[in-house]
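Have the sequence and the 3D view open as you read.

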Amino acid sequence: MNVWRFELKKAFQSPVVSILIMIFLFFNFWLIYNHAGIREELKVTNQLVERFGYKINAEMSAKLQNYYQSKLQKMNELTRKKFGKTYERAGDFFSEYEYRSEVLSEEELHVITETAIVESYYELIQKIDETYRHLDLSQKAKMDIKMYGLSGKTAEVTREYYNKLNNRLDELIEAREHKNLFFIGYVYRMHSFLFKDLMRQMIFEVMILVVLITGHVTTYEFQNQTHLTTYASKRGRKLMLDKLVANLLASLCISSVILGATLLVYFLVFDYSGLWGIPISSFFNSEFPFPYISWWKMSFGLYLCCVLGMFLLCQLFFAAITFSVSIWIKNSYLVYAAFSILFGLFVLIPGIVPKTSPAIFWTKYTPFSLILNPHLWFIGWNVFFPKNHEWLTVVIWTCLLAIATTVTFLKFNKEQIN
Amino acid sequence: MRIILYELKKIFQLKMVCLLFIISFIFYQLFINFYFEYFPNGRPALDSYHISMKMIEQYGYQMNQEEFEHFKKVYEKEKVAADAYLQARQEYVDAGLDTYEKFRTADREKQEIGELMDQIMFEDEVDLFWELQAREHLIEYYEYRNFLYSNMKFGDLPLTAEQKDRIRDTIASGNIMSYEVFENYNSLIRHVAILIVISIMFMISPIFLQDRRNHVVFLQYSSKTGRKIFNLKLLAAFIATGFITTVQLGLFFILYRGNKVGIFLNSNINSVFTHEVFWFELTFLQYILLTIVSIYILTFTLTIIVAVLSNRAPNYISVVGLQVPLAILLFVVVIDYLVVRITNIRLPIYFLPSAYVLLILIGSFLYFWSVKREKKVDLLH
């Protein structure tokens, strides 16, 4: 217990760790701040959900229409008073909006904006069925095959993949998973913002810290030339075990500090109240003509938890990888270089294997490939995001790293240390 | 002299050179190779590159109104050829796509029309149609050249009189330069600059720290050379930086020759076709030289910063950790403003010189501060 504490102290005593945490948090807050302009508009969604619930059905749709009509009427009263003009759609107002901004007070403008947003919801709801009817996955399979230049066996895999995704899509439509309100993805892109921009940034930040700390703590005795004393003591070479535990603990600590602070601010800025139970595959969450289709029915809250879980697991993998490399190399500077090279290689390899070989699929089962697209975890997007991608990666790498660590321990136990 | 040689040997240890080689290779594969392999990227881009080349061959490096009329005539002639192409095919006539005009404005959303269009553009890749599209863009750029006035604004700031003068000169000049070539070079040099920064950080970081970790520093400071070793090592670092930068740039330009941009080297980059205006009448070659010079200044300043960090940091985690924000600053901000698109009129004319003066000042300040500190530093604490 005591040893762990001392090892953890080594991890955090260097001022550079706290400086980096501060800088990284500043980056994250800056990113959120830059995106915060839309927070008022997002609140309309919360109001709608509070008023009508988030499930879209005929009854709800009718209520929404009434609400929209009354809103539009109110808006038209306002514009008639101000400009002597009424509008059929609130959206039309904004095509001429520029010239009128000075005439309206903040509050009046807000009324019009709100009407326009309710209008978008109303109009988009009418389009849902049509959009999903037009989704042609076999067409998408063809496009993927052409775009990535797949052929033979890999093309077969692609077609199979889209068959599977198509089944899931049918199931999803059957369960009316897509008919739920959420922030309008086409406009606000909240899914990309949270899970791609912010989450990926955090993954890289924490990864940098984890690698720095793990390399430092593991090679500490060799770097400070205390190895002859420590590894000759009673605890002896088992000290490496303590270092491993300390490294994993430190990784979790760093992750929770960065994640905790950033997400706290994020959810204070953007109000998600009432939206936690909405499925991630909702039509309104989609940002491109092709919607996000999660492989399992997942609510936003559950999805966030799963992503956070994957986040922590990936960081633990990075810590374990660095740990194994450190025992072999024993010089923290070269460890950092080696880790970057490993990272580069694992990202590079899937890109250079021949397109006809199934290797282009299984070389992607690495944490390094995984962290490049956190917004597509558990989601069927294209052939490189299969259903079992995440958990299989986790299982494979847990085994691989367990073996690697055991081998390095065995090697280290018998090694000539001087 | 001998010490510098030994220091250089230490910097260029076989191990480090091999690692640098691997890092550069991976970086090339991941970020740089794309701009060689896919240049020009995609279809109208390829055609517009060829057409720009033809324009220079026909009209010289400038195009006047008369030559523009000729250019438009060629477009009309090709359009007639496209009409004939369409009319020769029954399915297109049946679908109401019997002229190029109709073909361009047809509703892609309709499935059968979309398929017919895809047949020509993507399946058969008919050169004529792609070329027409590229010519259309070029004509548009020339005709709507006043668009430069709004394009060259920095944020919401209104244009100053000098900026307007430069834009007017550019519009009047009719310079021909390929947008594809220019953008391709900018993307390339940006990534090459990043690679050079990484290389230098990687190679120079251990320079002082290594000696302190090995306790060689006690021997060095008590020898005849004594505390002068700081200057000698820094000099070695400078030589190493110059060498690394030169080799990286040299390799890059050898590869860049494969992009075949020779004819554009004498083009003026102030052009309505590049959508960019610069403070000076630079040819593409002069612009390339300017970016090279700026990379050298940047790397030498960076060397001082890294060397001083290496001299002060207690361990590798600090020296690497402190360079993380520095690297982010360089990659996200500095390289974009001080290497890529330099002397662009979006920024004031005095921005670039003052930025470089500031950089050099930071470097010299750090240097003198370290020298002063070196003179009385207590080695045992």
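Which elements do the buried residues of α17(A) pack against? They pack against α13 (300–329) and α16 (367–370) of chain A. Keep in mind that this is a predicted model.

**Helix α17 of chain A**

Helix α17(A) covers residues 389–414, 26 residues in all. From first C-alpha to last it reaches 38 Å. That is close to the expected 38 Å at 1.5 Å a residue. H389(A), E390(A), T393(A) and W397(A) are buried in this helix.

**The largest nonpolar core**

The largest nonpolar core holds 176 residues. Four of them touch the most other members: L209(A), V210(A), I200(B) and I204(B). Helix α10 of chain A, residues 190–223, gives the most to this core, with 18 residues. Take L209(A) as a place to look. Leaving out residues up to four places away in sequence, L209(A) touches V17(A), L20(A) and I254(A).

**Where chain B meets chain A**

Contact between the chains involves 18 residues of chain B and 18 residues of chain A. On the chain B side, the elements that give two or more residues are α2 (14–37), α12 (206–213) and α16 (316–338) of chain B. α16(B) gives the most, with 8 residues. The table sorts the chain B side by class.

| Class, side of chain B that touches chain A | Count |
|---|---|
| Nonpolar | 13 residues |
| Polar | 4 residues |
| Charged | 1 residue |

How values were computed:
Residues are numbered from 1 along each chain as its sequence is written. Chains are lettered from A and ligands numbered from 1 in the order in which they are written. This is a predicted model: local features need pLDDT of at least 70, side-chain atom pairs count only at pLDDT 80 or more; totals for chains, interfaces and linings use all residues. A nonpolar core is a set of buried Ala, Val, Leu, Ile, Met, Phe, Trp, Tyr and Cys residues joined through C-beta atoms within 7 Å. A residue is buried if 20 or more other C-beta atoms lie within 10 Å of its own, exposed if 12 or fewer, and partly exposed in between; C-beta atoms are placed from the backbone. Helices (H or I, at least four residues) and strands (E, at least two) are DSSP runs, numbered from the N terminus. Two residues are in contact if their C-beta atoms, placed from the backbone, lie within 7 Å. The expected span of a helix is 1.5 Å times one less than its number of residues. Ala, Val, Leu, Ile, Met, Phe, Trp, Tyr, Cys and Pro count as nonpolar, Asp, Glu, Lys and Arg as charged, and the others, Gly among them, as polar.
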